[in-house]
Amino acid sequence: FAIPATDIAFKEMNNKIFANIVMLGYLTAHTKLLSAESMEKSVRRYVPEKFTEANIKAFRRGILLIEN
């Protein structure tokens, strides 16, 4: 199966560069190797502040691919 990460990033965040974070959210939810909370904490720690909220939004959108 395919994950429409690039389409989601482009349509919902207006930039396909967020596709990797959408995929990270999907992978986190699918594998459950790490919690979503710990991944969000890492995003907040390592992503520049001006991009943090957009990355969190993309990450959470990836999680929703599993939940829906």
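**View 1. Helices H2 and H4 pack against each other in this predicted model.** Helix H2 covers residues 19-31. Its axis and that of H4 lie 6 Å apart, at an angle of about 45 degrees. From H2, the contact takes in Ile21, Val22, Leu24, Gly25, Tyr26, Thr28, Ala29 and His30. From H4, the partners are Asn55, Ala58, Phe59, Gly62, Ile63, Leu65 and Ile66. Ten residues of this contact are nonpolar and five are polar, with no charged ones.

**View 2. Helix H2 has buried residues covered by other helices.** Buried here are Ala19, Ile21, Val22, Gly25, Tyr26, Thr28 and Ala29. Their cover includes H1, helix H3 (36-46) and H4. An α-helix has 3.6 residues a turn, so residues three or four places apart point the same way. After H2 comes lysine 32, with a positive phi near 60 degrees.

**View 3. Helices H1 and H2 cross at roughly 120 degrees.** Their axes come within 8 Å. The angle makes H1 oblique to H2. H1 passes H2 in a right-handed crossing. On the H1 side, the contact is made by Ala5, Thr6, Ile8 and Ala9. On the H2 side, Ala19, Val22 and Met23 take part. Six of the contact residues are nonpolar and one is polar, while none is charged.

**View 4. Threonine 6 sits in helix H1.** Is this residue buried, exposed or partly exposed? Threonine 6 has a relative accessible area of 40%, so it is partly exposed. Leaving aside residues up to four places away in sequence, threonine 6 touches Lys16 and Ala19. Lysine 16 is ten residues from threonine 6 in sequence. In space, their C-alpha atoms are 5.4 Å apart.

**View 5. Helices H1 and H4 meet at roughly 130 degrees.** H1 spans residues 5-13, and H4 spans residues 49-67. Their axes come within 11 Å. H1 and H4 are therefore oblique to each other. The crossing of H1 with H4 is right-handed. Which residues make the contact? H1 supplies Ile8, Glu12 and Met13. H4 supplies Lys57, Ala58, Arg61 and Leu65. This contact divides into four nonpolar and three charged residues, with no polar ones.

**View 6. Asparagine 55 lies in helix H4.** Its relative accessibility is 8%, so asparagine 55 counts as buried. Which residues does asparagine 55 touch, not counting those up to four places away in sequence? The residues are Phe18, Ile21, Val43 and Val47. Asparagine 55 also belongs to the H4 side of the contact with H2, which Ile21 joins from the H2 side.

Methods: Residues numbered from 1 in each chain as written. Predicted model: local features only at pLDDT ≥ 70, side-chain atom pairs only at ≥ 80, totals over all residues. Heavy atoms only, no water. Axes fitted to C-alpha atoms, helices over the stretch in contact; angles between N-to-C directions. Helix = DSSP H or I, 4+ residues; strand = E, 2+ residues; numbered from the N terminus. Parallel < 35°, antiparallel > 145°, perpendicular 65-115°, else oblique. Left-handed = near helix turned anticlockwise from the far one by under 90°. Contact = heavy atoms within 4.5 Å. Nonpolar A, V, L, I, M, F, W, Y, C, P; charged D, E, K, R; others polar. Buried < 20%, exposed > 50% of the residue type's maximum accessible area, 1.4 Å probe, protein only.
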